[in-house]
Amino acid sequence: VASIKYNAFSLHKTTVAVIQHLAVCDLLTTFTYTIAGVYEISGDWDGEEIGAFYEEAGFYLYWFFLYATFYLTAAFTSMKLLIIKYPFYAGVWTTRKAHLVCASIWIASLLYQGIWRVGAFLVKDLKTPFQRDLFLGLTWLDTILALLALLVVIVTSSILICEAVKVVQRQRGDRVRRDGLLTVIATAVVFCVSVLPWVVSNIVGKTPAIDDLFYYTIRINVMANFFVYSLTVTSFRRFLLQRAS
């Protein structure tokens, strides 16, 4: 909200645009978690319309926002790397182009969940070899897409860390550039820590312990972004102090 209404982020315009989309995604994911929590605590929604809605829609909304988070984070680190490595071209990038990239990620995530919904309907009872093979294929597709986003974040963040070291060594990187680097790197580290358990679980074989760990760590990823921005972005921290005073 601060980045959209109050211009609280003094960062590159494309970086701010992606932060806005990540913030909206975090907000919607938190809403889904809240509905899930109420559903699990109450335990008496079975058979009621709201319970049926969550069982049908909540599951797909959760994964829709999750994959949007995966690739918005990948876009976040990739854009920052391009800004650092090709500053001349980054100067002509517009906020509109950044929003278009993010919008395409939202649309692709939504279409993928539609494909998953059709696939889930076809494999609903896993009685035939075709259904079992299709379910296995969908599971591996999930893993590959998540792993691809994770690898993009790891590779781009590793290069950004090297660039951050150079900025510190030269001791003449401007504050906006330094804040931008720290923000992207911290966001990437939290993302990798939160997603890695699920990717490993899908590759080596699902275990309840790792799955439970993933559902906790992915929640940390959603909540951590606010604290990351507070710690790494000077302008956002100043904005919060002004609002609190």
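**Close-up views of aromatic pairs and nonpolar cores**

**View 1. Phe65 and its neighbour Phe64 in a predicted model.** Phe65 has a relative accessible area of 7% and is therefore buried (under 20% relative accessible area, with exposed over 50% and partly exposed in between; 1.4 Å probe, protein chains only). Phe64 also counts as buried, at 11% relative accessibility. Residues are numbered from 1 along each chain as its sequence is written, and side-chain values use heavy atoms, without hydrogens and water. In this predicted model, local features need pLDDT of at least 70 and side-chain atom pairs count only at pLDDT 80 or more, while totals for chains, interfaces and linings use all residues.

**View 2. The ring pair of Trp63 and Tyr67.** Six aromatic pairs are found in the whole structure (rings of Phe, Tyr and Trp, the last by its six-membered ring, with centres within 6.5 Å; planes under 30 degrees apart are stacked, over 60 edge-to-face, the rest tilted). The Trp63 and Tyr67 ring centres are 6.3 Å apart with planes at 40°, so this pair is tilted. The rings of Phe64 and Phe65 are tilted because their planes stand at 35°, with centres 5.1 Å apart. Trp63 and Tyr67 are both buried. One aromatic cluster is formed by Trp63, Tyr67, Phe70, Tyr112 and Phe191.

**View 3. The largest nonpolar core.** This core (buried Ala, Val, Leu, Ile, Met, Phe, Trp, Tyr and Cys residues joined through side-chain atoms within 4.5 Å) has 29 residues, and Leu72, Trp106 and Leu160 have the most contacts inside it. A second, separate core of 23 residues includes Leu66, Tyr112, Ala188 and Trp198.
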